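Please examine the sequence and the structure shown below.

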Amino acid sequence: KGEASVQHSPAVPVLPCRQPRLPSLSLGRRCHRPNPSLSCPRWRWRWRRRWPPRTGRPRPLFSPRAVSDSRNSQTCLDPDASTSVLGIILGGGAGTRLYPLTKKRAKPAVPLGANYRLIDIPVSNCLNSNVSKIYVLTQFNSASLNRHLSRAYGNNIGGYKNDGFVEVLAAQQSPENPNWFQGTADAVRQYLWLFEEHNVMEFLILAGDHLYRMDYQKFIQAHRETDADITVAALPMDEERATAFGLMKIDDEGRIVEFSEKPKGEKLKAMMVDTTILGLDSERAKELPYIASMGIYVFSKDAMLRLLRDNFPSANDFGSEVIPGATEIGMRVQAYLYDGYWEDIGTIEAFYNANLGITKKPVPDFSFYDRSAPIYTQSRYLPPSKVLDADVTDSVIGEGCVINHCKINHSVVGLRSCISEGAVIEDSLLMGADYYETENDKKVLSETGGIPIGIGKNTHIKKAIIDKNARIGENVKIINVDDIQEASRESDGYFIKSGIVTVIKDALIPSGTVI
């Protein structure tokens, strides 16, 4: 980036763009761009080597500077990510902090943004980054996740060579290992025999419950250019947020030299770093003097095999055991800065805020409207949503909804939602339904005093999450009238966490109920 202002000299020949030969690589394919320039990292390397002539101290070959969401930078991976990188998405644990949304599904299968599920985010980021070989490791309540992945990505990833895939790997017992997954590192170790069969250079380790948009090709390119064994995606932090994360300290080459888990006081001050080393401008570097691990890693294949089998055969977790251990034994562990929106969907409050953040004006926290990097999901072939004389403001409406004579403000309405006349929905997330009830079903329910799926007449819902297939009767008030912060009412069909009422999937809330 520092050489970007220097002009080309007529005396400098325009040479084919080539990757420098790293110790473990033998590369040299031409850049795919017709006119390589200083924007190409490989051309930048060649240009530094040849101009000006070397005198005295040699210039450094590699630069750790890289901000992942920079729109100006381009990637020139060789070999291509589709053939040299294996994506491994970790499905996470039991998701107790997201309960009751995880009562009947795995955390990555939780619905998101009206039409999607959380797992669609890392899978889409992989596909948009040309990483087409993807495994998803699951353990808890995986039926819903398996069904979604098979329907969404089962038949349209491979292309004519059939070399791409999205496959689910469930926890299993074997004669060698009778235990279930004990942590992130243990989950990868148990399937290492399968992963090493792939002729790839790197393993891309991702979490299945984060909301962000990232070009992994830039991440992988930084890993190769710095000749790292492990590269950790890092998020710049201010002091207020830093105490809730595991922080890292780096040297002047962006190499990680120290870790600290949720430090406070003097320990927090000691973790301050110069984030200009990783590409932030000086003004933002003063505002964000800490870097936190995002739980996203690139491992060189050989390094992963050595670490999990030889160096740390009993370690269960990447973030707290394997990666700090790798720095201690002298492996090159680099930080890679991601300066964009990122949210760990680990709690009900974080999930609620992330969903309603997509309704923010004029620019949402996270946008699903990026044509260059779309978010993919299952094709459901639902009809357009129907809005009949309704007042809808600052909201997102999913596919196949029927919204009839009601008011909706600052809310997200999921697919197949049915909202009856007179209802008021404010600051809420409705996940919708998995299926439609027929007119005959509704007639039978009406005759027997039952309640159809959806929101009943004259119901008021505010600051709530309504999970799928919920049956909300008429004249119901879900507004947390007593301002309760925490409550467990599972027998009544709902929980309250952080003041947010969450109605359980398939729950029935009788007419006239006040919550």
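Which residues are buried in H13? Ile348, Ala350, Phe351, Tyr352, Ala354, Asn355 and Leu356 are buried there, where buried denotes a relative accessible area under 20%, exposed over 50%, and partly exposed in between, computed with a 1.4 Å probe on protein chains only. Helix H13 covers residues 348-356 and is mostly covered, with seven of its nine residues buried. Helices (H or I, at least four residues) and strands (E, at least two) are DSSP runs, numbered from the N terminus.

Helix H14, residues 439-448, is hardly covered: the count of buried residues among its 10 residues is zero. Just after H14, Gly449 adopts a positive phi of about 80°.

## Basis of the model and its confidence

This is a predicted model, in which local features need pLDDT of at least 70, side-chain atom pairs count only at pLDDT 80 or more, and totals for chains, interfaces and linings use all residues. Residues are numbered from 1 along each chain as its sequence is written, and side-chain values use heavy atoms, with hydrogens and water left out.

The pLDDT is the predictor's confidence in each residue, on a scale from 0 to 100. Its mean over the chain is 84, and 83% of the residues reach 70 or more. Over residues 1-72, however, the pLDDT is below 50, and this stretch has 120 contacts in the model beyond near neighbours in sequence; a contact means heavy atoms within 4.5 Å. Where pLDDT is low, the predicted coordinates should not be read in detail.

## Overall composition

The chain has 14 helices and 31 strands. Of its 515 residues, 52% count as buried. Among contacts between residues at least 6 apart in sequence, 65% join residues at least 24 apart.

## The largest pocket

About 1,500 Å³ of space lies in the largest pocket. A pocket is found on a 1 Å grid over the protein atoms alone, as an open set of points where a 1.4 Å probe fits, with protein on both sides within 12 Å along at least five of seven lines; lining residues have an atom within 4 Å of a point. Grid points are joined across faces, edges and corners, and the volume is the space filled by probe spheres set on the points.

The lining has 49 residues, of which Arg97, His210, Gly295, Asp317 and Asp344 lie nearest the centre of the pocket. Elements that each supply at least two lining residues include strand S4 (133-138), helix H5 (184-190), strand S11 (290-300) and strand S13 (342-344). Helix H12 gives the most, with five residues. By class, the lining has 20 nonpolar, 20 polar and nine charged residues. In this scheme Ala, Val, Leu, Ile, Met, Phe, Trp, Tyr, Cys and Pro are nonpolar, Asp, Glu, Lys and Arg are charged, and the others, Gly among them, are polar.

His210 is located in strand S7, residues 210-212, and is buried, with a relative accessible area of 6%. Its side chain makes a polar contact with the side chain of Trp342 at 3.3 Å. A polar contact is a pair of N or O atoms within 3.5 Å; within protein, one must be able to donate a hydrogen and the other to accept it, and residues adjacent in sequence count only if both atoms are side-chain atoms. Leaving aside neighbours within four places in sequence, His210 is in contact with Ile121, Met294, Ile296, Trp342, Glu343 and Asp344.

Arg105 lies in the loop between strand S1 (85-90) and strand S2 (111-112). Arg105 counts as buried because its relative accessibility is 3%. The side chain of Arg105 reaches the backbone oxygen of Leu101 at 2.8 Å and makes a polar contact with the side chain of Asp467 at 3.0 Å.

## Backbone features in loops

The peptide bond from Tyr99 to Pro100 is cis, with omega near 15°, and Pro100 lies in the loop between S1 and S2. Another cis peptide bond joins Lys361 and Pro362, with omega about -10°; Pro362 lies in the loop between H13 and strand S14 (386-388).

His405, which is not a glycine, has a positive phi near 50°. His405 is partly exposed, as its relative accessible area is 40%. Asn469, also not a glycine, has a positive phi of about 65°, and it counts as buried at 4% relative accessibility.
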